[in-house]
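Reader: Could we go through this model together? I would like to begin with the strand pairing.

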Amino acid sequence: MTTVDWSQLPPPQPLPDADSAGFWQATANGELRLCRCTNCGHWHHPPLEHCRRCAAPTAFEPVTGTGTIYTFIVQRQPAVVGYFDQVPYAVAIVELDQQPGLRLTGRVVDVDIDEVRIGMRVAARIEPLRGGEFQVPVFAPVAVV
Amino acid sequence: MDLSASAIVGIGRTAYTRKSGRTGISLAAEAIRAALDDAGLSPSDVDGMTCFSTGDPASPLRVSHAIGLDEIGWNVNTYAGGNQVALVMANAASAIITGQAEVVVVYRVLDSNVRYGKVTGAVEVGGFEQFAAPQGYMVPPQWFAMWAQRHQHVYGSTCEDLGAIAINNRAHAVANEHAIARDPLTLETYLEGRWIVEPFRVFDLAYEVDGAVALVLTSADRAKDLRHPPVYPIGAAEGTGAGGMPDLWSDQTSMYSRIVAPRLWARTGLSAADMDIACMYDCFTYTVMATFEDFGFCDKGEVGDYFREGRATYGGDVVVNPHGGLLSEGYLHGLNHHYEAVHQLRREAGVRQVDDAELALVTAGAGPYGGAIVYGRERPS
């Protein structure tokens with residue numbers, strides 16, 4: 001029996017579906033686009049084919065990717081494949097500026113993990129995901145003017 | 001809805017171990033035979049069987065076959081974690097009350113192939129988790145550490161408060177021979193515990209084990225003639241928000257219990273103050289904190305003091321997790337909480353017996369999804 005070295009495996013890869021394809025196409029182009037209702041303008045994440053408020057069709061539109069950390073964790077123990085040798089790392093739920101409750105979860109980068117705080121202003125940046133062709137949004141602090 | 005037209009008449013379980021080397025089917029069959037024996041019934045009396053699982057092979061079909069049934073009537077395998085245990089129990093009661101079955105077995109089994117704390121294999125992730133899992137965020141301790149951090153930010157709760165919950169559970173498990181973790185826990189030891197995912201240390205997480213639990217239900221009428229005093233489901237409620245997506249729940253300082261508690265207390269005419277026992281679902285210490293507040297045992301941010309002052313143990317206001325819970329007795333996905341409630345309400349818990357136990361709240365779930373059920377020694381008039 002071959003011994004598999006789990007620590008060498010890549011991170012989980014996304015399985016896009018018909019509703020999320022636009023998100024992954026945008027990140028592949030280095031852009032963050034989220035799902036938005038073409039009628040009432042409500043943003044949706046995760047994306048939906050039709051608006052959950054007014055049932056009109058949705059489309060992907062670019063967002064600034066700026067927002068505020070709602071909450072965060074610091075992962076210390078290896079727990080997820082692809083990240084066993086990446087600990088410690090911080091992951092935050094970010095409330096985006098576009099709309100209250102519009103949230104995106106991602107790693108917090110470019111900052112000492114002990115400096116991460118709830119309420120911190122961050123901006124999304126698109127990074128390649130190891131192990132495939134996908135790119136993902138991560139968050140870096142932005143200077144508050 | 002009068003769930004108390006049904007009753008729990010038998011309970012059974014296997015040993016809880018780190019690694020049994022046995023299949024889920026074998027473990028489930030052992031627990032079910034024990035529960036039927038406890039009730040004074042035999043497998044041939046069973047015409048209904050239900051469990052909840054996340055797709056493991058010990059289904060009601062296979063397990064009913066394994067205990068000798070040539071056919072099974074009412075059977076439901078609910079795809080769920082601990083969030084729907086109360087629903088599964090209420091469904092079993094409903095099946096009896098509506099005449100779909102006469103004797104229903106409810107079970108949950110976990111073997112070493114089912115572990116939720118870690119993802120080691122190569123994976124592709126769909127559904128709503130496809131967005132964050134690629135960033136190293138896909139196991140429950142991570143989701144709920146997010147919630148605990150938010151509570152600390154808003155209410156000033158502390159790791160010491162979470163520790164008080166772990167310590168209380170452990171103190172109860174010390175006297176429970178069935179518990180997997182029985183070494184007394186001090187605050188110092190708790191704080192020395194290694195970080196898993198801040199703000200959770202190792203003692204904030206459920207103790208995953210191999211084992212099985214089973215409960216047998218039948219009608220309240222038939223229950224009177226069986227071996228043990230019946231324990232009655234008094235009322236149950238369910239609630240899930242944010243489509244079951246933890247990161248989307250609007251206020252992570254409260255959980256599903258914000259919806260379920262008023263629903264449950266309205267249906268039963270009871271309140272937190274009426275409970276002698278509270279088997280609080282405790283996949284994480286923080287789950288107890290948020291749901292305990294939501295069910296009305298104390299105000300937001302007061303759980304730490306409540307536990308430190310001895311109000312959550314013998315001689316206090318309500319005994320929380322007298323068996324040690326998922327944190328210390330073992331992670332049987334919450335069905336062991338129902339076993340414990342029945343054991344206590346029958347007043348057969350020995351040195352751990354809660355004096356004059358009449359009513360027990362059992363909660364199930366965490367974050368955006370869950371439910372709860374109240375059990376009683378007496379059928380409400």
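**Strand pairing and burial**

Author: This is a predicted model. To begin with one pair, Arg36(A) has Trp43(A) in β3(A) as its bridge partner.

Reader: Which strand pairs with β3(A), and over how many bridges?

Author: Strand β2 of chain A, residues 33–37, pairs with β3(A) in the antiparallel sense over two bridges.

Reader: What is the strand order in that open sheet?

Author: The order is β3-β2-β4 in chain A, an open sheet of three strands with antiparallel pairing. Its edge strands are β3 (43–44) and β4 (58–62) of chain A, each of which pairs on one side only.

Reader: And what holds paired strands together in general?

Author: Strands of a sheet pair through backbone hydrogen bonds, in either a parallel or an antiparallel arrangement.

Reader: Stepping back, how many helices and strands are in chain A?

Author: Chain A contains one helix and nine strands. Along the sequence, the pattern reads β-α-β-β-β-β-β-β-β-β.

Reader: What share of chain A counts as buried?

Author: Of its 145 residues, 37% count as buried. As for contacts in chain A between residues at least 6 apart in sequence, 52% join residues at least 24 apart.

Reader: Turning to chain B, is strand β1 mostly covered or uncovered?

Author: Strand β1 of chain B, residues 6–13, is mostly covered, with eight of its eight residues buried.

Reader: Which strand is joined to β1(B)?

Author: Strand β8 of chain B, residues 211–219, is joined to β1(B) by seven bridges, and the two run antiparallel. Within this pairing, Val213(B) in β8(B) stands opposite Arg13(B).

Technical notes:
Residues numbered from 1 in each chain as written. Chains lettered and ligands numbered in written order. Predicted model: local features only at pLDDT ≥ 70, side-chain atom pairs only at ≥ 80, totals over all residues. Helix = DSSP H or I, 4+ residues; strand = E, 2+ residues; numbered from the N terminus. Buried ≥ 20, exposed ≤ 12 C-beta atoms within 10 Å, placed from the backbone. Contact = placed C-beta atoms within 7 Å. Pairing = 2+ DSSP bridges.
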